[in-house]
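Q: Could we go through this structure together? I would like to start with how its parts meet and then turn to the ligand.

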Amino acid sequence: MKIKNICCIGAGYVGGPTMTMIAAKCPDIKVNVVDINKSRIAAWNDRDVNNIPIYEPGLSDLVAQTRDHNLFFSTDVDAAIAAADMIFISVNTPTKTYGVGKGMAADLKYIELCARQIAAVATTDKIIVEKSTLPVRTAEALRSILDNTGNGVHFDILSNPEFLAEGTAVSDLLHPDRVLIGGEDTERGKKAQKALVDIYANWVPKEQILTTNVWSSELSKLTANAFLAQRVSSINALSELCEVTEADVNEVARAIGTDSRIGPKFLKASVGFGGSCFQKDILNLVYIAQTYGLQEVADYWEQVIIMNDHQKRRFAKKIVKTLFNTVSGKKIALLGWAFKKDTNDTRESAAIYVADYLLNEQAEITVYDPKVTAQQIYNDLDYLGTRSSEENRRLLKVVDTPLQAVEDAHATAILTEWNEFMNYDWKEVYDLMLKPAFLFDGRMILNQQDVEKIGFEVYTIGKG
Ligand code: NAD
Ligand code: UGA
């Protein structure tokens, strides 16, 4: 079976980049990316490719190559479903904010809406691909909706979770460690699985395309994120111990990371992990374990989140304590708001929680981030609901340059590891700040001794 027409529902951080890569590598396939969010689709179609809604190094060039050749962005979901042989569901699956499982389970309402819409519109057989991250056994629910509300056409369901990380999406998609495709163990299921394998085989070596059953694939995605986040929480737990023992967490990370069984990646202590997926996926895993009555399994994974919340709070508390136990009326500069460098995504960014803590202490905050808009920063704070949006705007100012942020500040905190922060003239920063000038390096990007020589009082995570 050769796929000629793909529809992807959801033009977000996953749908946009993954479909752009498929379009670039498979010029014979027409790829329609659809979304209900009109302004997002308009941005994907903006004549100036620099205005696409997602910032990822290298992405705008790929969009320029493919858009309106074999890659199309549209809000006409029905038409794209009707025309497709294969439909990727790439919509958001956030943590539920209501009802049973509130604060833990994945909210599958967007997934269900997609299934119902596909069933209503489809008049020919389709392969449905779960691209979103989903709880194990979601395909069962999808099958039930599709078969019971459809027009008698046949649906094959595959699980093809995405492992790209934001900020490196293009290179992750170009050179994935693996592609995972779960399929049903039937003759039709195998054919559907092969159709998707053949698409990736256009640029991914065959031995890196893993095929499994659907449940293993669904569960592997949640588990991969849980393992990655666990490493960050593990090293962050040690960072606190390092601070009281004069061990250096960077040295410890290097020492343990050279053991090939442990490996060097994801051992960077930080102000805490953020992003749209780690927390939501672990909470979902915890919830799934609970629903199967596996309380110890649930408790084990929940600890990863508890440690992460502790790390964010600990960093904010450290600022207050260092500034003589009061930050009321003091100006504090935050450099970085995105949850990591090279992305404009701020979902669950540690910066939001650090800022919220400091605002509760009546600090006056200035924020500079090279890619995040002021509107987004205020939305993030307003969403927490801790104080009125007027108050957020009164106490926190977003500025256009780092020097505006640090001028007359008592303290500067680095919350995202943007390359430009490493290259600043830190002497110039020091001169603009009030004295004593405090510097809190939440990303360990500066050489502590160098900045201490300038005159800063420095706190680096994981150093006593
Ligand atoms: P996102 O919020 O950026 O994008 C989802 C899009 O789906 C939105 O634009 C929304 O308008 C659209 N949508 C929702 N319901 C719709 C409907 N019924 N019809 C049409 N469009 C609809 O989310 P994302 O970051 O791209 O994540 C999508 C999924 O991929 C999630 O399950 C996430 O866990 C997973 N994932 C994300 C990443 C990442 O780095 N962001 C990586 C791997 C996996
Ligand atoms: C993560 C996974 O890495 C991807 O494989 C996965 O596809 C994705 O989640 C997802 O499912 O959404 P992402 O959240 O985009 O990707 O970014 P990461 O590079 O994993 O970083 C997550 C957070 O951990 C960031 O805040 C980062 O600063 C922090 N981190 C990461 C550390 O604090 N230390 C590290 O050593 C590594």
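**Domain interface and ligand site**

A: Domain 1 and domain 2 bury about 1600 Å² between them, 54% of it from carbon and sulfur atoms; buried area is the accessible area (1.4 Å probe) that two parts lose on being put together, summed over both. Tyr55, Met104 and Glu166 supply 42% of the area that domain 1 buries against domain 2, more than any other three residues.

Q: What are the ground rules here?
A: This is a predicted model, in which local features need pLDDT of at least 70 and side-chain atom pairs count only at pLDDT 80 or more, while totals for chains, interfaces and linings use all residues. Residues are numbered from 1 along each chain as its sequence is written, chains are lettered from A and ligands numbered from 1 in the order in which they are written, and side-chain values use heavy atoms, with hydrogens and water left out.

Q: How many salt bridges cross between domain 1 and domain 2?
A: The rule finds 1 across that interface, a salt bridge being a side-chain nitrogen of Lys or Arg within 4 Å of a carboxyl oxygen of Asp or Glu.

Q: And which side chains meet in a salt bridge at 3.7 Å?
A: Those of glutamate 166 and arginine 347, N to O.

Q: Moving on, what does glutamate 166 do at ligand 1?
A: A polar side-chain atom of glutamate 166 lies 2.7 Å from a nitrogen atom of ligand 1. Threonine 93 also has a side-chain N or O atom 2.6 Å from an oxygen atom of the ligand.

Terms used:
A polar contact is a pair of N or O atoms within 3.5 Å; within protein, one must be able to donate a hydrogen and the other to accept it, and residues adjacent in sequence count only if both atoms are side-chain atoms.
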